[in-house]
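Open the model in your viewer and keep the selection panel at hand.

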Amino acid sequence: MLAYIVRRLFLMLVTLFGISVIIFVLLRIVPGNIVDILFAAAGYVDPADKANLERELGLDQPIVVQYLHWIGGLLRGDLGYSYVSEKPALDEILPRIPITARLAGLALLFSASIGIPLGVISAVRQGTRLDYALRVLSLSGLSLPSFWLGLLILMASVALFGTMPIFNPEPKTWTEAIAIYCVPAMAVGFRSAALTMRITRSSMLEILRQDFIRTARAKGASEASVNFHHALKNAILPVITVIGIEAAFLIGGLIVTETVFNIPGVARFLVEAIRWRDYPIVQNLVMMIAVVVVLANFTVDMLYAVFDPRIRYTD
Amino acid sequence: MRSVQSLAAAAALSWLAISSIAFAGEPKQGGILRMYHRDSPGSASIHEGATYSMNVPFMPVFNNLVIFKQDVAQNSMDSIVPDLAESWAWSGDNKTLTFKLRQGVKWHDGKPFTSADVKCTFDMLMGKSPQKFRQNPRKSLYDEVADVTTASDFEVAFNLKRPQPALLALLASGYTPVYPCHVSPGDMRTHPVGTGPFRFVEFKANESIKLVRNPDYWKKGLPHLDGIDFTIIPNRSTAMLAFVAGQFDMTFPTEVSVPLLKDIKSQAPNAVCVVTPNNVNTNIIVNSSSPPFDSLDIRRALALALDRKAFIQILFEGHADIGGTMQPPPEGFWGMRKDMLETIPGYGPDVNANREKARKLMQKAGYGPDKHLAVKVSTRNIPVYRDPAVILIDQLKSIYIDADLDVVETANWFPKIARKDYALGLNLTGNSVDDPDQSFYENYSCGSERNYTNYCNKAIEKLFDEQSQETDIAKRKKLVWEIDKQLQEDVARPIIFHAHTGTCWQPYVKGVTVMSNSSYNGYRYEDVWLDK
């Protein structure tokens, strides 16, 4: 097991190195850099001023030098300076992480806590009206874009309550504090919940037809025990995989949700940084996201062993 | 049509309401003005930017030497009032403009303001200072200034190469604040220090900008507000909903489109909204340095094909103006009258007749029903650019031009037009000051950085100088009209329309004036107060 973990950690490092190269090169392949954008915003291009600014920002150096400069800084914990705000990239990124982490965590929690029980119920009640209703709900969850759902929620809350849960760094009431995170988390988590529900349902349906379930029933186990202890425990592996993948894909949904609900998190910041070609911010943020995804994958693999004792990682 | 009229009536009533309410009571002290900001400005240094996204939040931090009176909607020479200067005087030969400066004014960091700060600021703007701006987009505005000299701590003179009465208007723009000598340009981008009614507190990129009342402001009793909080909300739908829900006191100025204005008025009927022109024109940039638009006939056909009223009706429900380079009257000070405009090819009311002439010109150039000209219309990937470009493409079909839309990301837009990698472009031009010097020299003079089409006409350039030196406003106006007419006839940069946009605020916000011939000059906010 230990050897496996060490090997996985080594592979993670190799993956992250590869990602760092891809991020760095891709960013520079995209036409236009921060200097172009600054001059575009000013409505003119002065070649001398432009050259000065490129020199000031180190953009005139060969790409390999720029890469080594970045990666060397990263290893020393120096993420460089934002080209736009001229503040240390770390100071720009760090305060935004807890906001997005909270939102992502709540979205995943919402997804699992709604998707898994409803998936179990849908499977157990297969072919009933409840099953059909839940399947329609899950299909709509998969079909509704989160930006549309978010806007709908905002419009409804303005029409019904005369207020709306957009981000406020200093919420005045506890209800506001809850709403500014929970409502967007629900908007972004709705699709994940729907997916989780469908995977749970199909996985449960397969397990519920297995012999050991019949045996458990024959032994007199209660329905709850059969469904949740025996069936769900065995059906959960694909669900964990999906939740792991969803955690990685969540950033896409968060970009939209953070924009609609005006949440100053990492996802929206990343889009703005890409728009400005703020390389230090984009590179470091994408690397951080890559680390999260790689770690989430690793955690999912480890969880397999926890949930299914038959799985043992050996050489 | 009825809805347009009712909207116009509502706007007019709103205007009446503001003027009467705003000055009805004694201003109340206190409160924070909450406004959303449409995007995150690149920096806090007004001198290094060319978007009013910077002026709105940072103009309240500064003072100018002179300023357009903040409660008069139309900027003109008559509405210029002293600011950091107590008074000004022209020399007999109109080549020296001397300012007597206010004494006892302090920068927000406590240091005294003197004439050295004025000299520093303008030396940097003219590129004569060892300290440099990272970008200096308005350097060319001061081409006629030979130097800036100080006779004492409180007297400064602008020595000109030739008379330029418009210099005073350029100095009154929101783009021309006085910077402190002792703060570097780099620091001004991140932590601006001014002498204005509000002090800078913080700027969190993509999040918020906070200003707080300057208790030591040299205008006693001002500002009325305790501060201004800008929340950056790039998503327009979210921003409008938040305003409707009362979470903001004011929309971002001139950011509400006419269709959105109707939504706001239906959901927040008490909101005060005004629709004004903002001296931003939508125009066509034509690459006349290469075929096919190197042919004057084809350029003229292009100008004749335009149905300006259709653009205005589709995009603004009638709320926009037809004009030349200078914003048309009554809000614009220098624009041509309607009767003059209609004498210019393409501006006449009979669109079909114009297009018939255009088709003949196209046939003369070798095109016709069986041989269409294929071109691309390049434009920025922003709705205010894209939408008119689509209409333009449709209108060009009527004169045998098959155009495709070439959407260009903002980052690549100016590099693309700078290297002349386009045939036709749909462009927006904003004028910070309603003055021909700013507009003509910047957009049409030979070699100007913002003369994207490289239009260069030495004869007309002489007229630019002539009008620029003319001190008699009536005579200058006639010259300006002549030049503007010539520019349109040369199809230098055909102007399609001058847009109108809306601004809304809650009824308890008082003292707001939206400038009607500039989007850059009316954001000092020292007179704004909250009646609650």
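This is a predicted model: local features need pLDDT of at least 70, side-chain atom pairs count only at pLDDT 80 or more; totals for chains, interfaces and linings use all residues.

**Stop 1: chain A**

Turn to the principal axes, along which the C-alpha atoms of chain A occupy a box of roughly 85 × 60 × 35 Å. Colour by burial next: 39% of the 315 residues of chain A count as buried. If you draw the contacts in chain A between residues at least 6 apart in sequence, 74% of them join residues at least 24 apart.

**Stop 2: chain B**

Now switch to chain B, where the secondary structure comprises 16 helices and 18 strands. Chain B has a radius of gyration of 23 Å, close to the 24 Å that the globule rule gives for 532 residues, so chain B is as compact as a globular protein of that length. Along its principal axes, the C-alpha atoms of chain B fill a box of roughly 75 × 55 × 40 Å. Apply the burial colouring here too: of the 532 residues in chain B, 53% are buried. For contacts in chain B with a separation of 6 or more, 71% come from residues 24 or more positions apart.

**Stop 3: the largest nonpolar core**

Show both chains again and go to the largest nonpolar core, a set of 231 residues. Which residues have the most contacts inside this core? They are B:Ala242 and B:Ala301. The element that gives the most to the core is helix H11 of chain A, residues 223-260, with 16 residues; select that helix to see its share.

Then centre on B:Ala301 and show its neighbours. Leaving aside residues up to four places away in sequence, B:Ala301 touches B:Ala358, B:Leu361, B:Met362 and B:Ile399.

**Stop 4: B:Ala418**

Move on to helix H13 of chain B, residues 410-418, which contains B:Ala418. Is B:Ala418 buried, partly exposed or exposed? Count the other C-beta atoms within 10 Å of B:Ala418: there are 17, so the residue is partly exposed, since a buried residue needs 20 or more and an exposed one has 12 or fewer.

Finally, select B:Ala157 together with B:Ala418 and draw a distance between their C-alpha atoms. The two lie 36 Å apart in space, C-alpha to C-alpha, and 261 residues apart in sequence.

How values were computed. Residues are numbered from 1 along each chain as its sequence is written. Chains are lettered from A and ligands numbered from 1 in the order in which they are written. A nonpolar core is a set of buried Ala, Val, Leu, Ile, Met, Phe, Trp, Tyr and Cys residues joined through C-beta atoms within 7 Å. Helices (H or I, at least four residues) and strands (E, at least two) are DSSP runs, numbered from the N terminus. Two residues are in contact if their C-beta atoms, placed from the backbone, lie within 7 Å. The radius of gyration is taken over C-alpha atoms; the globule rule is 2.2 Å times the number of residues to the power 0.38.
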